[in-house]
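Here are my notes on this chain, jotted down while going through the model. Have a look at it first, then read on.

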Amino acid sequence: MCHPAVYIGLAGVNMIQARQTLKAEQALAEQAYRDRQEQIKDNRMSVQLEARQKGNILAENFAAQQATNRALLSPSGIGQSNSFEAAMMNNKSLFMRELNVSALDAINKQSELAYASRESGLTKAADMNRARGRFNQSMMDSLEMGMKGFEGLNKPKDVVPGDAGFGPSPKTGKFRYGI
């Protein structure tokens, strides 16, 4: 059996360690959150870049197709007809649809990233709450240990007047740790 003061000392040490653990867990949760947010920011930039590149490729293909159609049909005089203009407008309409599809795809990806960003914040809050819960439990356990020590210090000892309080008790024969 330990001396009651040992329980008090252990309780104090446990409280200090619990606080250090809480700070470390909170720092890890914060760093993980910042890392996820940085990754999401990079992904957003990638989505924007991809959408611009896709739009540029579509525009280049459209311009090349329009130029080819004009070059092929202009010498024959068909380049001035209504049917030629209708075909050109149809090509432009197809280009705009493809461009819109590309833009909608980028918007969907951006909204997924916004959701991921929000989820990252919720994960951070949950990690912080779990760390706080473990800290609170450690503090309660330490307080119980400290109370056990205080109760032991308050117990009356079998002390004979003039006895230093160490060794076996003359009354009970049980070993004592001190007064």
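Predicted model: local features only at pLDDT ≥ 70, side-chain atom pairs only at ≥ 80, totals over all residues.

What follows is a set of numbered points, going from the overall layout to individual residues.

1. **Ground rules.** Residues are numbered from 1 along each chain as its sequence is written, and side-chain values use heavy atoms, with hydrogens and water left out.

2. **Layout.** The chain has two helices and two strands, in the order α-α-β-β from the N terminus. These are DSSP runs, numbered from the N terminus: H or I over at least four residues for helices, E over at least two for strands. Helix α1 covers residues 4-73, and helix α2 covers residues 82-154.

3. Of the 179 residues, 20% count as buried. Buried is under 20% relative accessible area, exposed is over 50%, and partly exposed is in between (1.4 Å probe, protein chains only). Taking contacts with a separation of 6 or more, 68% are between residues 24 or more positions apart; a contact here is heavy atoms within 4.5 Å.

4. **Surface.** The areas come from the Shrake-Rupley method with a 1.4 Å probe, and for residues only the protein chains shown count as cover. Met147, Phe150 and Leu153 make a nonpolar surface patch of about 290 Å². For patches, residues need over 30% relative accessible area and no salt bridge; like charges are joined within 9 Å, nonpolar side chains (Val, Leu, Ile, Met, Phe, Trp, Tyr) within 5 Å. Phe150 sits in helix α2 and is partly exposed at 43%.

5. Six salt bridges turn up in the structure, each a side-chain nitrogen of Lys or Arg within 4 Å of a carboxyl oxygen of Asp or Glu. One of them joins Arg34 to Glu30, with the closest N and O atoms 3.6 Å apart. Why are Arg34 and Glu30 separated by about one helical turn? Because they are four residues apart in helix α1. Glu30 also pairs with Lys124, at 2.7 Å from N to O. Glu30 is in helix α1 and Lys124 in helix α2, so this pair ties together parts that are 94 residues apart in sequence. As for accessibility, Arg34 is partly exposed at 45%, and Glu30 is partly exposed at 21%.

6. Lys109 is partly exposed at 27%, and Asp105 is partly exposed at 30%.

7. **Aromatic pair.** Rings of Phe, Tyr and Trp (its six-membered ring) pair if their centres lie within 6.5 Å; planes under 30 degrees apart count as stacked, over 60 as edge-to-face and the rest as tilted. By that rule there is one aromatic pair. The rings of Phe62 and Phe95 have centres 4.8 Å apart and planes at 15°, so the pair is stacked. Phe62 belongs to helix α1 and Phe95 to helix α2, so the pair ties together parts 33 residues apart in sequence. Phe62 is buried at 16%, and Phe95 is buried at 14%.

8. **Charges over rings.** The test is NZ of Lys or CZ of Arg within 6 Å of the ring centre and within 35 degrees of the ring normal. Lys124 lies over the face of Tyr33, 4.8 Å from the ring centre. The charged end of Arg19 sits over the ring of Phe135, 5.8 Å from its centre.

9. Is Ser142 buried or exposed? Ser142 is buried, at 1% relative accessibility. Leaving out residues up to four places away in sequence, Ser142 touches Ala11, Asn14 and Met15. Met88, also placed in helix α2, is buried at 4%. With that sequence exclusion, Met88 touches Gln66, Asn69 and Arg70. Met88 and Arg70 are 18 residues apart in sequence and 9.1 Å apart in space, C-alpha to C-alpha.
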